[in-house]
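Open the model in your viewer and keep the selection panel handy. We will walk through it stop by stop.

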Amino acid sequence: MPLVTVRYCQSAGQDIQLFYDTFGDRSTGQPLLLVMGLGGQMILWRSEFCERLAEEGFFVIRFDNRDVGLSSHLDHLGSQNLASVFFEMVVGDSAPPYTVYDMALDAVALLDHLGIPQAHLFGFSMGGLIVQQMAVSFPERVLSLTTMSSPAGLSSSSLRGTMAVLQLSSQDPEKDMKRTVKLVKTVSSPKYFNKQKCEASVREVVARSRYVGGVPRQLAAILATGYGVEDLHTVRAPT
């Protein structure tokens, strides 16, 4: 599970390092890049899930986005209160510290580092916006596109989801765990929600990295898209 420098980012003014790991046989598996959502570490793509995908013939890559987990933390770009970011980006006219396009470039650079010319893309929430941007801007790199819980435009439901995230990242792990479990329960199917497993997952994430300083910057990148990637109608990859 290496930490690698994938590219120099001009808007950040520094090299971007991404922490990743892989599952499956690189020589025979079809490359599949998993991209996580707002503030989410790569281990939220559970190892059991990744191993199952590998058994189905995929070479699975999961990674921490910039500003989360063990990848580059960009605190020099400024730290803001989540609520103020939400207000400035939605009501005001502020530019984000970086964009979803920048994050898409990070993901493409990781594929370059691994020597992978094309991959299947699977993005969750913010990760869905990132893979949508990859499909628009780098169509030659995309074998297929799958998004989950990812909007294609601004909606009241996506705004409610963002407001729920605003309540997290309190720097109080126990309080965040309770809020996260409550949020997951709200958006989960009652049939499949397991409180004990959810609590264990949150504790694992906190033990790996308690860094939450990047969440406001990631949120600003999301809001700057208007919850929609431009030219999405041009995507021709299987979806």
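How many of the six residues of strand β5 (residues 119–124) are buried? Select this strand to find out: five of them are buried, so β5 is mostly covered, where buried means under 20% relative accessible area, exposed over 50% and partly exposed in between, with a 1.4 Å probe and protein chains only. Strands and helices here are DSSP runs, numbered from the N terminus: E over at least two residues for strands, H or I over at least four for helices.

A word on the ground rules: this is a predicted model, in which local features need pLDDT of at least 70 and side-chain atom pairs count only at pLDDT 80 or more, while totals for chains, interfaces and linings use all residues. Residues are numbered from 1 along each chain as its sequence is written, and side-chain values use heavy atoms, leaving out hydrogens and water.

**Neighbours of β5**

Click Leu 121 in β5 and you will find Leu 33 opposite. Next, show strand β6 (residues 142–148), also a parallel partner of β5, with six bridges. There, Leu 145 is the bridge partner of Leu 121. Follow the chain from β5 through helix α4 (residues 126–137) to β6 and you trace a right-handed β-α-β crossover: with the strands pointing away from the viewer, the path from the first strand over the helix to the second runs clockwise.

**Two helices**

Keep α4 and select helix α3 (residues 100–114). Their axes come within 8 Å and cross at roughly 75°, the axes being lines fitted to C-alpha atoms over the stretch in contact, with angles from 0 to 180 degrees between N-to-C directions. The two helices are therefore roughly perpendicular, a label for angles of 65 to 115 degrees. In the contact (heavy atoms within 4.5 Å), look for residues including Tyr 101 and Leu 111 of α3, and Ile 130 and Gln 133 of α4.

**Two loop residues**

Finish at Ser 149, in the loop between β6 and α5 (156–166). Ser 149 has a positive phi of about 60°, and its 52% relative accessibility makes it count as exposed.

Notes: Two strands pair if DSSP finds at least two bridges between them. Angles under 35 degrees count as roughly parallel, over 145 as roughly antiparallel, 65 to 115 as roughly perpendicular and the rest as oblique.
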